[in-house]
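Please keep the sequence and the structure in view while reading.

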Amino acid sequence: MLKAKLTNADNTKSTFVLGLDAENIKRLLAGAPIMVQLSDFGGIDNVLIMAGETLQEMTDTLSDKFGAPRRIVSEPNRTLQ
């Protein structure tokens with residue numbers, strides 16, 4: 001996985017890049033989420049990258065691997081569960 005932080009010339013705005021290679025995609029589609037620690041970019045939280053055939057499949061994966069999520073927001077103004 002490629003991880004990068006791009007900043008503009010005066011360092012007032014950043015863009016974070018997560019590049020997935022073929023092996024990452026293969027793992028994601030096999031149901032293995034990827035956890036990215038934002039400490040790599042100076043942050044304190046984590047980002048979970050996942051993939052699935054449907055939103056429900058991904059919701060089920062979250063529940064199975066991490067316990068029932070409190071609230072899932074997907075797509076603008078659409079909440080699951």
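The following paragraphs treat confidence, fold, contacts and surface in turn.

**Basis and confidence**

The model is predicted, so local features need pLDDT of at least 70 and side-chain atom pairs count only at pLDDT 80 or more, while totals for chains, interfaces and linings use all residues. Residues are numbered from 1 along each chain as its sequence is written, and side-chain values use heavy atoms, with hydrogens and water left out.

The predictor's confidence in each residue is given as pLDDT, on a scale from 0 to 100. For this chain the mean pLDDT is 84, and 83% of the residues reach 70 or more. Among the elements, helix α1 (residues 22–29) has the highest mean pLDDT, at 94, whereas strand β6 (residues 78–80) has the lowest, at 51. Where pLDDT is low, the predicted coordinates should not be read in detail.

**Secondary structure and burial**

Two helices and six strands make up the secondary structure of the chain. Helices (H or I, at least four residues) and strands (E, at least two) are DSSP runs, numbered from the N terminus. Read from the N terminus on, the order of the elements is β-β-α-β-β-α-β-β.

Of the 81 residues in the chain, 16% count as buried. Here buried means under 20% relative accessible area, exposed means over 50%, and partly exposed lies in between (1.4 Å probe, protein chains only).

Several pairs of residues can be compared by sequence separation and by the distance between their C-alpha atoms.

| Pair | Separation along the chain | C-alpha distance |
|---|---|---|
| L28 and A51 | 23 residues | 5.5 Å |
| I25 and M50 | 25 residues | 9.2 Å |
| E57 and G31 | 26 residues | 9.4 Å |
| G52 and P33 | 19 residues | 9.9 Å |

Helix α1 contributes L28 to one of these pairs. L28 is buried, with a relative accessible area of 4%. I25 also has its place in helix α1, but I25 is partly exposed, with a relative accessible area of 36%. G52 belongs to the loop between β4 and α2 and is partly exposed at 30% relative accessible area.

**The salt bridge**

How many salt bridges does the structure hold? There is one, a salt bridge being a side-chain nitrogen of Lys or Arg within 4 Å of a carboxyl oxygen of Asp or Glu. The partners are D40 and K3, whose closest N and O atoms are 2.5 Å apart. D40 lies in the loop between β3 (34–37) and β4, and K3 lies in strand β1 (residues 2–7), so the pair ties together parts that are 37 residues apart in sequence. D40 counts as partly exposed at 45% relative accessibility, and K3 counts as partly exposed at 40%.

**Surface patches**

Patches are made of residues with over 30% relative accessible area and no salt bridge; like charges are joined within 9 Å, and nonpolar side chains (Val, Leu, Ile, Met, Phe, Trp, Tyr) within 5 Å. Accessible areas come from the Shrake-Rupley method with a 1.4 Å probe, and for residues only the protein chains shown count as cover.

A nonpolar patch on the surface is formed by M1, L18, L20, I25, L29 and V47, which together have about 460 Å² of accessible area. One of these residues, V47, is placed in strand β4 (residues 46–49) and is partly exposed, at 32% relative accessibility.

A negative surface patch consists of E53, E57, D60 and D64. Asp and Glu count as negative and Lys and Arg as positive, while His and the chain ends are not counted. The place of a charge is taken as NZ of Lys, CZ of Arg, CG of Asp or CD of Glu.

**A backbone feature**

Most residues other than glycine have a negative phi. N11 is not a glycine, yet its phi is positive, at about 55 degrees. N11 has its place in the loop between β1 and β2 (14–19), and at 59% relative accessibility N11 counts as exposed.
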